[in-house]
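Let's take a guided walk through this structure together. Please keep the 3D view open as you read.

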Amino acid sequence: MGAVGEHDGRVIAVVGATGLQGRAVVRRLLAQGWAVRALTRNPEGDAARGLAALGAEVVKSDSADRASLEKSFAGAHGVYNVQNHHISGLDGEMEQGRNVADAAAAAGVRHLVYASAGPGDRGTGVGSWDVKFAVIDHIRQVGVPLTVLRATAFLELMTEKKFYPPASVWHLMPKLMGEDRPVGWISVEDMAVIAEKAFADPDTYAGRELGLASDVRSINECRAIWRDVTGKAPRRFPMPVWLFERFSGTDETTMWRWLRDNPVEFDTRLTLEIHPDARTARAWVAASSR
């Protein structure tokens with residue numbers, strides 16, 4: 001636990017604070033002694049109340065409304081920025097990402113840490129990857145010091161209900177990508193550790209784009225780990241592609257096909273240099289199954 005006042009009362013504003021990634025970042029920042037302003041459209045919701053109970057200042061803010069962002073960023077030292085295209089759509093993600101950048105610049109924010117995604121290739125045709133490059137370009141144009149954290153696959157895909165793991169990661173992902181295609185994995189909690197390190201050491205991290213992976217495993221390997229640790233195979237639901245796309249869109253299926261056709265050399269060295277305790281898939285499954 002960080003000492004209270006360790007960061008001289010500097011405030012980090014977390015956009016999307018009640019989402020899976022945002023909550024992890026808020027918890028880590030608070031644990032390391034930062035003052036945290038948690039931005040949410042629903043400050044009365046259970047997730048927001050949970051963050052307030054931990055010590056975060058919860059404020060109502062909408063990333064589609066630049067004026068509300070400027071108000072929320074007033075006096076903040078840093079901003080953690082993450083968008084969810086499943087909620088906003090890709091056009092909405094673009095608008096919100098740019099609004100955050102513009103509001104951060106107007107409020108005099110000193111450091112923006114941005115959650116990107118994918119292997120780092122431009123022009124993939126994967127909407128949720130490509131739109132993030134447009135947001136990154138805009139942040140750089142407005143001149144806010146920037147650190148980009150880029151993950152390809154979160155370990156939480158294996159268990160988090162909102163990701164439909166029986167249909168997605170355990171069925172369609174290997175079907176469309178290939179069961180033996182290596183993938184770079186990291187947990188949201190370990191990404192949050194790296195985000196906090198970036199805020200704590202801007203001289204080292206501002207201006208950098210970090211591709212993050214704490215383990216590299218194929219779906220076949222992840223299945224084997226799951227069986228070995230839990231004693232049973234992960235639950236699989238053989239959903240047709242067309243049905244998955246009907247309720248989830250085509251972004252994930254496009255992504256998995258791209259990974260099938262474009263081998264990526266994932267590397268854990270940078271992540272483990274920054275955060276040596278970042279968990280492997282086996283360690284994460286063991287912890288999450290307890």
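This is a predicted model: local features need pLDDT of at least 70, side-chain atom pairs count only at pLDDT 80 or more; totals for chains, interfaces and linings use all residues.

Residues are numbered from 1 along each chain as its sequence is written, and side-chain values use heavy atoms, with hydrogens and water left out.

Let's start with the sheet. Here 7 strands form an open sheet with parallel pairing, in the order β3-β2-β1-β4-β5-β6-β9. Helices (H or I, at least four residues) and strands (E, at least two) are DSSP runs, numbered from the N terminus, and two strands pair if DSSP finds at least two bridges between them. At the edges stand β3 (57-60) and β9 (209-212), each with a single partner strand, so one side of each has no neighbour in the sheet. From one strand to the next, the twist averages 20°.

Now look at some of the pairings. Strands β1 and β2 run parallel and are joined by 4 bridges, with Ala13 opposite Arg37 in β2. Because 5 of its 6 residues are buried, β2 is largely enclosed by the rest of the structure; buried means under 20% relative accessible area, exposed over 50%, and partly exposed in between (1.4 Å probe, protein chains only). Further along, β5 (residues 111-117) is joined to β6 by 6 bridges, again running parallel. Ala115 has Leu149 in β6 as its bridge partner, and Leu149 in turn has Leu210 in β9 as a bridge partner. Between β6 and β9 there are 4 bridges, and these strands run parallel. In a regular strand the side chains alternate between the two faces of the sheet. On β9, Leu210 and Leu212 make up the covered face, whereas Glu209 and Gly211 make up the uncovered one.

Which strands does α5 lie across? They are β5, β6 and β9, and the helix runs at about 165° to β5. Helix α1 (residues 20-31) lies across β1 (11-14), β2 (35-40), β4 (78-81) and β5, at about 170° to β1. Axes are lines fitted to C-alpha atoms, for helices over the stretch in contact, and angles run from 0 to 180 degrees between N-to-C directions. Contact means heavy atoms within 4.5 Å.

Helix α5 (residues 127-142) also packs with α4 (residues 85-107), at an angle of about 10° and with the axes 9 Å apart. The two helices are therefore roughly parallel to each other (angles under 35 degrees count as roughly parallel, over 145 as roughly antiparallel, 65 to 115 as roughly perpendicular and the rest as oblique). Residues meeting there include Leu90, Met94 and Arg98 in α4, and Val131, Val135 and His138 in α5.

Finally, two single residues. Thr147 lies in β6 (residues 146-151) and is buried, with a relative accessible area of 0%. Its side chain reaches the backbone oxygen of Tyr205 at 2.8 Å. Beyond its neighbours within four places in sequence, Thr147 is in contact with residues including His111, Val113, Ala198 and Leu210.

Asp190 lies in helix α7 (residues 188-200) and counts as buried at 5% relative accessibility. A polar atom of the Asp190 side chain lies 2.9 Å from the backbone nitrogen of Arg279. Leaving aside neighbours within four places in sequence, Asp190 is in contact with His275, Asp277, Ala278 and Arg279.

How values were computed. A polar contact is a pair of N or O atoms within 3.5 Å; within protein, one must be able to donate a hydrogen and the other to accept it, and residues adjacent in sequence count only if both atoms are side-chain atoms.
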